[in-house]
Amino acid sequence: IVGEVCSGATLAAAPIAEESKIVLITPSSTSSEITKSGDYIFRTIPSDTLQGKFAANLIYGMNITNLSILYGNEEYGIGLKDSLKADFEALGGSVVSTEAFERSSTDLRTQITKIRKSRPQALYIVSNSPDSAVAALKQIKQLGLRVKLFGSEGLKAIEVSNEKSAQGLIITSVSAGTTTFATEYYNEYGLAAEPFSPQGYDSFTALAKTLKEGALTGDTIKEDLYKLEFDGASGKIAFDNNGDVSGNYDVYKLENKTFVLQ
């Protein structure tokens, strides 16, 4: 199985795949819980624990010591919030507030008001919902919360880029793919590759490589995946003992309605 997209669905499917000895490889589920979800569960995207550390180093390296986190109340949001908080505080910073919102919520005034009272220097937003992200950015401005804004790759969406109050937003994101992949994708479809496209391509490539070598059962596919190593569309693919990859991250800044790679 190639999938699921979101961590909650992957975690729900994992026990069934594990019991049935069916390999499941997700290109986009980042929850740290997936690491221990079974021997037949793999992913071509790095865990939230790695992105949390990357984001913490980036923010702390900008001389920001007081941080707030606004996050979606789901596996992805909770996992990245926990990782970012732990790593930022390990560096010597302080997470002065964390506020959750339900997926697709468009009224975040209560959470933003609480964040404003905690007086952070910066705010990191974790959201898989463009509607929630846009609402948050608008209400941050409306409520006079003047902080440096950061966000996860879920905010790298056209809806966010078109929002005036989002200008200057800094995004930490999993790899958008190699230059070769981006060029070939554009030549094929006439569009820029969507988030997780290279990871999806690598998921299928990994399975295809094992099948080509003759692996035809869940057990043999699983064993061959653990031994597999190749340069993929998203970077080097090599699964550790938990079916995880190390992965790479990019930083983007929203300038003139365009996410510019930094």
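**Figure 1. N63 in the loop between α2 and β3.** N63 lies in the loop that runs between α2 and β3 (66-72). Its phi is positive, about 65°, although N63 is not a glycine. Helices (H or I, at least four residues) and strands (E, at least two) are DSSP runs, numbered from the N terminus. The model is predicted: local features need pLDDT of at least 70, side-chain atom pairs count only at pLDDT 80 or more, and totals for chains, interfaces and linings use all residues. Residues are numbered from 1 along each chain as its sequence is written, and side-chain values use heavy atoms, with hydrogens and water left out.

**Figure 2. The peptide bond between G3 and E4.** G3 and E4 are joined by a cis peptide bond, with omega at about -5°. E4 belongs to the segment before α1 (7-20).

**Figure 3. Packing of α2 against α3.** Two packed helices are described by the angle between their axes and the distance between the axes. Helix α2 (residues 48-60) and helix α3 (residues 75-90) have axes that come within 8 Å and cross at roughly 45°. The α2 helix is therefore oblique to α3. Axes are lines fitted to C-alpha atoms, for helices over the stretch in contact, and angles run from 0 to 180 degrees between N-to-C directions. Angles under 35 degrees count as roughly parallel, over 145 as roughly antiparallel, 65 to 115 as roughly perpendicular, and the rest as oblique. The crossing of α2 past α3 is right-handed; a crossing has this hand if the near helix is turned clockwise from the far one by less than a right angle, and is left-handed if anticlockwise. On the α2 side the contact is made by D48, T49, Q51, G52, K53, A55, A56, I59 and Y60, and on the α3 side by E75, Y76, G79, L80, S83, L84, D87 and F88. Contact means heavy atoms within 4.5 Å. Eight nonpolar, five polar and four charged residues make up the contact of α2 with α3. Ala, Val, Leu, Ile, Met, Phe, Trp, Tyr, Cys and Pro count as nonpolar, Asp, Glu, Lys and Arg as charged, and the others, Gly among them, as polar.

**Figure 4. Packing of α8 against α9.** The axes of α8 and helix α9 (residues 218-227) are 9 Å apart, and the two pack at an angle of about 115°. The helices α8 and α9 are therefore roughly perpendicular to each other. Their crossing is right-handed. A206, L207, T210 and L211 of α8 meet I221, D224 and L225 of α9. By class, the contact of α8 with α9 has five nonpolar residues, one polar and one charged.

**Figure 5. The largest pocket.** This pocket has a volume of about 880 Å³. On a 1 Å grid over the protein atoms alone, a pocket is an open set of points with protein on both sides within 12 Å along at least five of seven lines, whereas a cavity is a set where a 1.4 Å probe fits but cannot get out; lining residues have an atom within 4 Å of a point. Grid points are joined across faces, edges and corners, and a volume is the space filled by probe spheres set on the points. The lining of the largest pocket has 32 residues, of which K156, A157, A193, E194 and P195 lie nearest its centre. Two or more residues each come from α6 (158-161), β7 (170-174), α7 (179-189) and β11 (258-261), and α6 gives the most, with three. The lining divides into 17 nonpolar, nine polar and six charged residues.

**Figure 6. The second largest pocket.** About 260 Å³ of space lies here. The lining consists of T178, T180, F181, E184, Y185, E188, Y189, S197, Y201, G232 and A233. Both α7 and α8 (197-212) give two or more residues, and α7 gives the most, with six.

**Figure 7. The largest cavity.** The count comes to one cavity of 30 Å³ or more, and the largest cavity has a volume of about 60 Å³. Residues lining the largest cavity include T44, P46, K236 and N248. Strand β9 (residues 235-238) gives the largest share of this lining, three residues.
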